[in-house]
Amino acid sequence: MLRALCVVCGCVAPSCLFAQNYPAKPIRMVVGFAPGGGTDVSARAIMQPLGDGLGQRIIVDNRPGADGVVGSEIVAKAPPDGYTLLMVNLGHTVNPSLYKKLPYDTLKDFAPITLVAMIANLLVVHPSLPVKSVPELVRLAKTKPGAISYASGGYGSSAHLAFELFKETAHIDLVHVPYKSGGLVASALLAGEVAVSFNTIPSLLPYVKAGRLRALGVSTPQRSMSVPDVPTIAELGYPGFSASGLAGLVAPAGTPVETIDRIHAVIVKLLKQQDVLERFVMLGLDPVGDTPAEFYQFIKSDMDKWSKLIRKLKLTIQ
């Protein structure tokens, strides 16, 4: 009704006038993680083209802490005027189950804009492990239950949850070795301290290309544009398997629909630009650009999916 009124009345409603003038100043994009991490890289990959499309500067504001909770709380409580956005990752759908209490409601306090990209986790093994495919890894794990170790960037991380889901799906038993960061995971793999890991493509691909690690599969439903020759776990005998990271953009709840639509339209357009696509492929990002309604349903579905696994693993953070 409001949109129709805007058209009929020549856009005299206050929200219409706001939408016409938006954006009139720089936009802050909050990232709840330190510079250089996957979420920060995703934000900076769209920062310039999004700013160009909106005609305003985008400023990335890193607010690390508590697996993204600190940054999320800032945005949840920010004015819903379109000038504060949040780049989210898998933690956005995992944290509601992982933390006993959050200072915001993931579904009620944010307005989804779009799922910018999926981020595949690459399943790799150290060359010393005598396997060259996912079926071979599963067979070896079943003959030696509890003898093979896998690394992750910590409890509740994308890599940890991806591997636990894989263990459950393939009915195998591997020992989890948590590290404090994805960088330490790569170092441990290269040193042979651990034999297997799921981790993001950018952090592992250079070592795969150099022959120092062996890639067996990717965690996304479709093959990744960054490693098209590496099969998905799903196509290797585990249909429906999906355990990927994500990069999505949300705003505070109550942000005008016209503003959400404006930002969404610009992102969908930039995701089709050749230079942006090439940068995404280089970074291991598979572009999506779905609608706000589709992203909302994705968030709900992902929350439900991970909550079941987290309850089973009895993972909690105070």
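Which residues line the largest cavity? I get Gly-32, Phe-33, Asp-67, Gly-68, Ser-72, Leu-86, Met-87, Val-88, Asn-89, Gly-91, His-92 and Asn-95.

Ground rules before going further. This is a predicted model, where local features need pLDDT of at least 70, side-chain atom pairs count only at pLDDT 80 or more, and totals for chains, interfaces and linings use all residues. Residues are numbered from 1 along each chain as its sequence is written, and side-chain values use heavy atoms, with hydrogens and water left out.

**Confidence**

I checked pLDDT (the predictor's confidence in each residue, from 0 to 100). The protein chain averages 90, and 93% of the residues score at least 70. Residues 1-13 fall below 50, and that stretch has 13 contacts in the model beyond near neighbours in sequence; a contact means heavy atoms within 4.5 Å.

**Cavity and pocket**

Rolling a probe the size of a water molecule over the atoms shows where empty space is left. My searches ran on a 1 Å grid over the protein atoms alone: a cavity is a set of points where a 1.4 Å probe fits but cannot get out, a pocket is an open set with protein on both sides within 12 Å along at least five of seven lines, and lining residues have an atom within 4 Å of a point. Points are joined across faces, edges and corners, and a volume is the space filled by probe spheres set on them.

I count one cavity of 30 Å³ or more. The largest cavity holds about 70 Å³. Strand E3 (84-88) and H5 each give its lining at least two residues; helices (H or I, at least four residues) and strands (E, at least two) are DSSP runs, numbered from the N terminus. The largest cavity's lining has four nonpolar, seven polar and one charged residues. For those classes, Ala, Val, Leu, Ile, Met, Phe, Trp, Tyr, Cys and Pro are nonpolar, Asp, Glu, Lys and Arg charged, and the others, Gly among them, polar.

The largest pocket comes to about 1100 Å³. It has 41 lining residues, and Phe-33, Gly-38, Thr-39, Asn-89 and Gly-182 are the closest to its centre. Elements that supply at least two lining residues each include helix H3 (38-54), helix H5 (91-98) and strand E10 (245-252). I find 15 nonpolar, 24 polar and two charged residues in the pocket lining.

Is Thr-106 buried or exposed? It is buried, at 8% relative accessible area (buried is under 20%, exposed over 50%, partly exposed in between, 1.4 Å probe, protein chains only). Thr-106 sits in the loop between H5 and strand E4 (110-119). Not counting residues up to four places away, it touches His-92, Pro-96, Ile-299 and Met-303.

Gly-65, in the loop between strand E2 (58-62) and helix H4 (69-76), is partly exposed at 25%. Leaving aside neighbours within four places, Gly-65 contacts Gly-32 and Val-70.

**Helix H12**

I compared the end-to-end distance with the expected span (1.5 Å times one less than the number of residues). The 22 residues of H12 (292-313) should span 32 Å, and the end C-alpha atoms are 31 Å apart, which agrees. Buried residues of H12 include Ile-299, Met-303 and Trp-306. The buried set packs against E3, H5, E4, H7 and E10. Just after H12, Lys-314 takes a positive phi of about 60°.
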